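I am opening a notebook page for this protein and will write down what I look up, one entry at a time. Each term gets its cut-off where I use it.

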Amino acid sequence: MAQRVTYRRRNPYNTRSNKIKVVKTPGGKLVAQHVKKAASRVKCGDCGIALAGISTLRPREYAQVSKTHKTVQRAYGGSRCANCVKERIVRAFLIEEQKIVKRVLKEQQEKEKKTTKKVSKK
């Protein structure tokens, strides 16, 4: 009959945070080894794809690593992917261009109104 293995910590339930792996020691004894939860990749906040260049760790472990492991050297470094940043920059540029075009059109219309008023007065 197989040897029984018991939990080594106080929690007696088979929960997500209490997973174990059965390991055979050099003395031939079966022992429970508690397994940490697997870390998930950091995702882009806009499109949801995994961010390249950022280490995959559990949330509290990010406090122990240096900044170079948590970001990339770009605007929105550890938060958005390169394609989403590019889209944001292009969108902002086009919005500014549209504002300029609107302003120019408004000035042209005002000039036309002034010229039509001068012609009608004569």
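**Entry 1: Cys81.** I began with Cys81 and listed its contacts, leaving aside neighbours within four places in sequence: they are Cys44, Cys47, Ile49, Leu51 and Arg74, where contact means heavy atoms within 4.5 Å. I placed Cys81 in the loop between S2 and H1; helices (H or I, at least four residues) and strands (E, at least two) are DSSP runs, numbered from the N terminus. Cys81 counts as buried because its relative accessible area is 9%, and the classes are buried for under 20%, exposed for over 50% and partly exposed in between, with a 1.4 Å probe and protein chains only. I also looked up the distance to Val22, which is 59 residues from Cys81 in sequence and 40 Å from it in space, C-alpha to C-alpha.

**Entry 2: what kind of model this is.** I noted that the model is predicted, so that local features need pLDDT of at least 70 and side-chain atom pairs count only at pLDDT 80 or more, while totals for chains, interfaces and linings use all residues. Residues are numbered from 1 along each chain as its sequence is written, and side-chain values use heavy atoms, with hydrogens and water left out.

**Entry 3: Arg80.** Is Arg80 buried or exposed? Arg80 is buried, because its relative accessible area is 19%, and I found this residue too in the loop between S2 and H1. Its side chain makes a polar contact of 2.6 Å with the side chain of Ser79; a polar contact is a pair of N or O atoms within 3.5 Å, and within protein one must be able to donate a hydrogen and the other to accept it, while residues adjacent in sequence count only if both atoms are side-chain atoms. Leaving aside neighbours within four places in sequence, I listed contacts of Arg80 with Cys44, Gly45, Asp46, Leu51, Arg74, Val85 and Arg88.

Entry 4: I looked up Tyr76 in the loop between S2 and H1 and wrote down a positive phi of about 60°, although Tyr76 is not a glycine. Tyr76 counts as partly exposed because its relative accessibility is 44%. Ala38 has its place in the loop between S2 and helix H1 (82–121), and Ala38 counts as exposed because its relative accessibility is 68%. From Ala38 to Leu57 I noted 19 residues in sequence and 8.3 Å in space, C-alpha to C-alpha.

**Entry 5: His34.** I found His34 in strand S2 (residues 30–34). Which side chain does the side chain of His34 join in a polar contact of 3.4 Å? The partner is the side chain of Asn18, and the side chain of His34 also reaches the backbone nitrogen of Arg8 at 3.4 Å. Beyond its neighbours within four places in sequence, His34 is in contact with residues including Tyr7, Arg9, Lys19 and Ile20.

**Entry 6: the whole chain.** I counted one helix and two strands, which run β-β-α from the N terminus on. The C-alpha atoms fill a box of roughly 115 × 30 × 20 Å along the principal axes. Buried residues make up 11% of the 122 residues. Of the contacts with a separation of 6 or more, 29% come from residues 24 or more positions apart.
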